[in-house]
Amino acid sequence: MLAHLPIIILTSLHPIAVADAVPQFEIVRECQAEGGSKETEQRCANDEMHARDQLQAEWVQFGPSAKLQCKGETSVDGASSYVELQTCLEMERDARIERDAKTSK
C-alpha cells in the first residue's frame, strides 16, 4: 500500500503550481560560466538581477504554458538565465497579443 503513495502524491500535484513563482537561478554561477573579466561578470550579474526583478514584477501577466515552455527552453543546457527567460516570455506574450489582434479583426 505504501509503495503507491509517491504515485498518488505526484498525480495529485498540479503542474501549474510550479509556474506560479519566478524560478530561482544561480546568477553567480551563470555569470562565471560565461567567462571573461571581473567587470564582465559584474555586468552579467547586474543584467541578471535586473531581469529577475522585472520578472518578479510582471510574472502574473504571463500564462502558465508560456512560463513552463520558456523555463524549459532557457535551461536546456543546464545554465539558466533570467535575461533569456524574460526574453522568451516577452516574445511569447507579444506573439499572443498579435495573434489575438489578428483574430479579432
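Predicted model: local features only at pLDDT ≥ 70, side-chain atom pairs only at ≥ 80, totals over all residues.

Biologist: What share of the accessible surface of the protein belongs to carbon and sulfur atoms?

Modeller: The accessible surface of the protein, computed in that way, comes to about 7500 Å². Of this surface, the share that belongs to carbon and sulfur atoms is 58%.

Biologist: Which residues touch the most other members of the largest nonpolar core?

Modeller: Of the 105 residues of the protein, 26% count as buried, and the largest nonpolar core holds 16 residues. Helix H3 (27–34), helix H4 (38–58), helix H5 (64–74) and helix H6 (82–103) are elements that each supply at least two residues of a core. Within this core, the residues that touch the most other members are Leu55, Trp59, Tyr82, Leu85 and Leu89.

Biologist: Which residue does Cys31 join through a disulfide?

Modeller: A pair of cysteine sulfur atoms counts as a disulfide within 2.5 Å, and the sulfur atom of Cys31 has a partner at an S to S distance of 2.1 Å. The pair links distant parts of the chain, 13 residues apart, with Cys31 in helix H3 and its partner in helix H4. Both cysteines are buried, and the residue joined to Cys31 is Cys44.

Biologist: Is the link of Cys70 and Cys88 left-handed or right-handed?

Modeller: Cys70 and Cys88 form a disulfide, with their sulfur atoms 2.1 Å apart. This pair also links distant parts of the chain, since Cys70 lies in helix H5 and Cys88 in helix H6, 18 residues apart. With -75° about the S-S bond, the link of Cys70 and Cys88 is left-handed.

Biologist: What pattern do the disulfides of the protein follow?

Modeller: The count comes to two disulfides, one joining Cys31 to Cys44 and one formed by Cys70 and Cys88. With bonded cysteines counted along the chain, the pattern is 1-2, 3-4.

Technical notes
Residues numbered from 1 in each chain as written. Heavy atoms only, no water. Buried < 20%, exposed > 50% of the residue type's maximum accessible area, 1.4 Å probe, protein only. Areas by Shrake-Rupley, 256 points an atom, 1.4 Å probe, with all protein chains shown as cover. Core = buried A, V, L, I, M, F, W, Y, C linked by side-chain atoms within 4.5 Å. Helix = DSSP H or I, 4+ residues; strand = E, 2+ residues; numbered from the N terminus.
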